[in-house]
Amino acid sequence: MPALTDAAALERVIGHSFADPKLLSQALSHRSHGSNNNERLEFLGDAALGFIVAEWLYDLYPQATESELTLMRASLVRRRSLAAVARQIDLGRFLLLGPGERSSGGHHRESILADALEAVLGAVLKDGGVVAAVAVLRTLFADRVGSIDPSGAKDPKTRLQEWLQARGHELPRYEVIAQQGDAHAPSFRVACAVDSISLAVEAEGGSRRDAEKAAARIALSKLEVAGDH
């Protein structure tokens, strides 16, 4: 189990003090650490996450359509978003990993962080019930939910494609023009171009997909400001 001081620090960050500390220990235990790992709690937390976020968005955005709500929920509960929240609370330093995962930097790995965050939510649900789980999730996701735009929840690459198709233009081309960093902290620079309208932009991201989305977002902003050319 994590040291008491570490466990207490994590409890303060998430806003929940565990009546059963073993649940928190299990939530932080990757399968490489042993058989009493967090996979079952991850299963529970994943289900709780989807429901709580869905109800939260439903109440917060009464004018949003079903499609908009679905897109917003997907953007909040996808692996990358969960890993980002996990990094914000420095969840990686609390994880219990086997020697192999630990030496290979598993505490930085996106999939492990996302799964652990879901497991912690599952542990909170088992320890304190639905009310506690809702409170913790709202603490961790308040900024993200408050800043999400229902009209912009759709992937910017999809929105750019739809904008171009609606006006009879060709689809954009994406090309990686630079890649730097190591395996744990890569950086990609991507060019996005639409030759028929002389559009060319560049953007960076921690993955090729993120860089492409950032480039599409820049392209969209240029097109929407300039109008149809």
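**Close-up views of a predicted model**

**View 1. A salt-bridge network.** R80, E110 and D210 are linked in a network of salt bridges. The model is predicted. Across the whole structure, a search finds 10 salt bridges.

View 2. E212 pairs with K157 in a salt bridge, with the closest N and O atoms 2.6 Å apart. E212 sits in helix α9 (residues 208–226) and K157 in helix α8 (residues 156–166), so the pair ties together parts that are 55 residues apart in sequence. E212 counts as buried because its relative accessibility is 10%, under the 20% cut-off.

View 3. The side chains of E202 and R189 form a salt bridge at 2.9 Å, N to O. E202 belongs to strand β3 (residues 199–205) and R189 to strand β2 (residues 187–194); they are 13 residues apart. Both ends are partly exposed: E202 at 40% relative accessibility, R189 at 28%.

**View 4. The R93–D90 salt bridge.** R93 and D90 meet through their side chains at 3.1 Å, N to O. R93 is partly exposed, with a relative accessible area of 48%. D90 is also partly exposed, at 39%.

**View 5. A buried glutamate without a salt bridge.** E42 lies in helix α3 (residues 39–60). E42 is buried, yet it has no salt bridge. The nearest side chain of opposite charge is R31, 6.2 Å away. Beyond its sequence neighbours up to four places away, E42 touches D115, E118 and A119.

**View 6. The bend in helix α7.** Helix α7 spans residues 110–147, 38 residues in all. Its end C-alpha atoms are only 23 Å apart, whereas a straight helix would reach 56 Å. At G128, α7 bends by about 135 degrees.

**View 7. The largest nonpolar core.** This core has 49 residues, of which I14, L91, L117 and F141 touch the most other members. Elements giving two or more residues include α1 (4–14), α2 (21–27) and α4 (66–77). Helix α7 gives the most, with 18 residues. Setting aside neighbours within four places in sequence, F141 contacts L49, W56, L76, L82, V85 and L117. Another core, of 19 residues, lies apart from the largest one; W163, V190, C192 and L223 are among its members.

**View 8. Surroundings of V85.** V85 lies in helix α5. V85 counts as buried because its relative accessibility is 1%. Outside its sequence neighbours up to four places away, V85 touches L117, L140, F141 and R144. V85 and A114 are 29 residues apart in sequence, but 8.4 Å apart in space, C-alpha to C-alpha.

Conventions. Residues numbered from 1 in each chain as written. Predicted model: local features only at pLDDT ≥ 70, side-chain atom pairs only at ≥ 80, totals over all residues. Heavy atoms only, no water. Helix = DSSP H or I, 4+ residues; strand = E, 2+ residues; numbered from the N terminus. Buried < 20%, exposed > 50% of the residue type's maximum accessible area, 1.4 Å probe, protein only. Lys, Arg positive; Asp, Glu negative; His and termini not counted. Salt bridge = Lys/Arg side-chain N within 4 Å of Asp/Glu carboxyl O. Contact = heavy atoms within 4.5 Å. Expected span 1.5 Å × (residues − 1). Bend = angle between axes of the 7 residues up to and from the residue. Core = buried A, V, L, I, M, F, W, Y, C linked by side-chain atoms within 4.5 Å.
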